[in-house]
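Dear colleague,

I am handing over the structure below for your study. Please look through it first, and then read the findings that come after it.

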Amino acid sequence: RLPPLEHPTNFIDEKFEAEMSKYFRDVARDVLAEFDKDADKLKRYTPTTKAVADDFLAGWFDVTKWNGELPKRAEPFVRRTMISGGEKTLKRIAAQEFDPLNSRVLTALSKHRNTRLRSVNSRAKKRLRRTLAAGLEEGEGAAALRKRLQSEFKNMEASTATMIARTESIWAFNEGAVQAY
């Protein structure tokens with residue numbers, strides 16, 4: 001049985017998606033700024049290994065910074081959707097209000113923030129590493145490598161932002177329903 005049309009799995013929160021797209025643009029801006037600082041160093045690495053790409057990306061992609069930033073940007077949307085899921089569930093099963101400050105709700109949000117969202121950045125870094133390594137192995141220069149990275153970020157901005165907005169909305173709505181019980 002399919003969920004009703006108003007269920008969050010049947011829409012994408014456009015503001016959430018826009019915020020995630022902005023997030024990837026901001027990551028791209030930082031990574032490409034660091035790339036530009038190291039462009040001359042890249043010339044020394046032909047042919048190369050995946051380890052060289054890792055070495056460069058470790059300096060360009062501040063995982064700690066972005067692991068802190070992503071949950072901050074996603075949480076207002078996740079929290080709102082979780083409350084919506086809890087409220088809609090309680091309306092169907094009981095005549096009481098959903099308490100978004102309930103310790104179980106806060107624990108669920110905290111666990112979620114500290115686990116699932118952080119994997120987004122490690123996956124993004126892996127994608128960038130593969131992209132960079134492929135370009136280095138082909139002997140591309142800094143300009144071509146930068147284009148490759150920009151292209152990868154454009155893909156993340158388009159598809160990964162949508163995926164995050166959709167999967168986080170689904171999780172939040174369903175978790176709100178679970179917490180309502």
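The following paragraphs set out what was found, from the whole chain down to single residues.

Please note that this is a predicted model. The chain has six helices and zero strands, and from the N terminus on its elements run α-α-α-α-α-α. Of its 181 residues, 43% count as buried. Among contacts between residues at least 6 apart in sequence, 82% join residues at least 24 apart.

The nonpolar core comes next. The largest one holds 44 residues, of which Trp60 and Leu132 touch the most other members. The elements that give two or more residues to this core are helix 1 (14-42), helix 2 (50-60), helix 3, helix 4 (103-114), helix 5 and helix 6 (142-180). Leaving aside residues up to four places away in sequence, Leu132 touches Ala53, Phe56, Leu57, Trp60, Leu145 and Leu149.

Two packed helices are described by the angle between their axes and the distance between the axes. For helix 3 (residues 63-93) and helix 5 (residues 116-137), the axes come within 9 Å and cross at roughly 130°. The crossing in which helix 3 passes helix 5 is right-handed. On the side of helix 3, the residues that meet helix 5 are Val63, Trp66, Asn67, Leu70, Pro71 and Ala74. Their partners in helix 5 are Leu117, Arg118, Val120, Asn121 and Lys125. By type, the residues of this contact divide into seven nonpolar, two polar and two charged.

Not counting residues up to four places away in sequence, Ala74 touches Phe16, Met20 and Leu117. Ala74 and Ile164 are 90 residues apart in sequence, while their C-alpha atoms are 9.0 Å apart in space.

Lys147 lies in helix 6, and because its relative accessibility is 61%, Lys147 counts as exposed. The C-alpha atoms of Lys147 and Gly135 are separated by 9.9 Å, and the two residues are 12 apart along the chain.

Yours sincerely,
A colleague

How values were computed
Residues numbered from 1 in each chain as written. Predicted model: local features only at pLDDT ≥ 70, side-chain atom pairs only at ≥ 80, totals over all residues. Heavy atoms only, no water. Axes fitted to C-alpha atoms, helices over the stretch in contact; angles between N-to-C directions. Helix = DSSP H or I, 4+ residues; strand = E, 2+ residues; numbered from the N terminus. Left-handed = near helix turned anticlockwise from the far one by under 90°. Contact = heavy atoms within 4.5 Å. Nonpolar A, V, L, I, M, F, W, Y, C, P; charged D, E, K, R; others polar. Core = buried A, V, L, I, M, F, W, Y, C linked by side-chain atoms within 4.5 Å. Buried < 20%, exposed > 50% of the residue type's maximum accessible area, 1.4 Å probe, protein only.
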